[in-house]
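The notes follow the order in which I consulted the structure.

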Amino acid sequence: MDSLKNFIADVIDPATDKLPLWLSFVSAVAIFNTIQNYITLSFTRRVYDNAPSQVTKLGARTFGVWTLTSALVRAMASRHLNETAVYKLCLWTFYIALGHFASETILFRTSNRGSLSPFVVATTSIIWMHLQADYYIGGL
């Protein structure tokens, strides 16, 4: 248990500067997701696993544009975390993603296990960014 605590403490320590790496990684994954939304519906149908028939080509392309926008904001933030507006805008992209997947899971019931990964990424990022806000921008 101590090794897990030490690992988490090391990861979230601003001095290790891992948040920019995380945001770059999340951005790269989002760019891949954008591309796949234009090529195939199979991955998107896995996310909306309770209602895969509702995933359309138009919906996937729209989702791809949103994902690309988020990727660009997060990539920009990874290089400019000391700019308050960029930091907060990046944080909001994760709140929006969390809200979207929560509503699809709880309200619309179109997603179940398929939204687990976006939930984990958004929640982890939100917590991490809140914990490091003082370091990067002097607090929220």
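I began with the lining of the largest pocket, to which α2 gives the most, eight residues. The model is predicted: local features need pLDDT of at least 70 and side-chain atom pairs pLDDT 80 or more, while totals for chains, interfaces and linings use all residues. Residues are numbered from 1 along each chain as its sequence is written, and side-chain values use heavy atoms, without hydrogens and water.

I took a pocket as an open set of points on a 1 Å grid over the protein atoms alone, where a 1.4 Å probe fits, with protein on both sides within 12 Å along at least five of seven lines; lining residues have an atom within 4 Å of a point. Helices are DSSP runs (H or I, at least four residues), numbered from the N terminus.

I noted a volume of about 610 Å³ for the largest pocket, the space filled by probe spheres set on the grid points. Of its 25 lining residues, Val29, Ala30, Asn33, Ser117 and Pro118 are the closest to the centre.

I then read the second largest pocket, at about 210 Å³. Its lining includes Ala60, Phe63, His100 and Glu104. Helix α4 supplies the largest share, three residues.

I turned last to α4, residues 57–79. Ala60 and Phe63 are among its buried residues (under 20% relative accessible area, 1.4 Å probe, protein chains only). The buried residues of α4 pack against α2 (19–39) and α5 (84–107), with contact meaning heavy atoms within 4.5 Å.

Methods:
Helix = DSSP H or I, 4+ residues; strand = E, 2+ residues; numbered from the N terminus. Expected span 1.5 Å × (residues − 1). Buried < 20%, exposed > 50% of the residue type's maximum accessible area, 1.4 Å probe, protein only.
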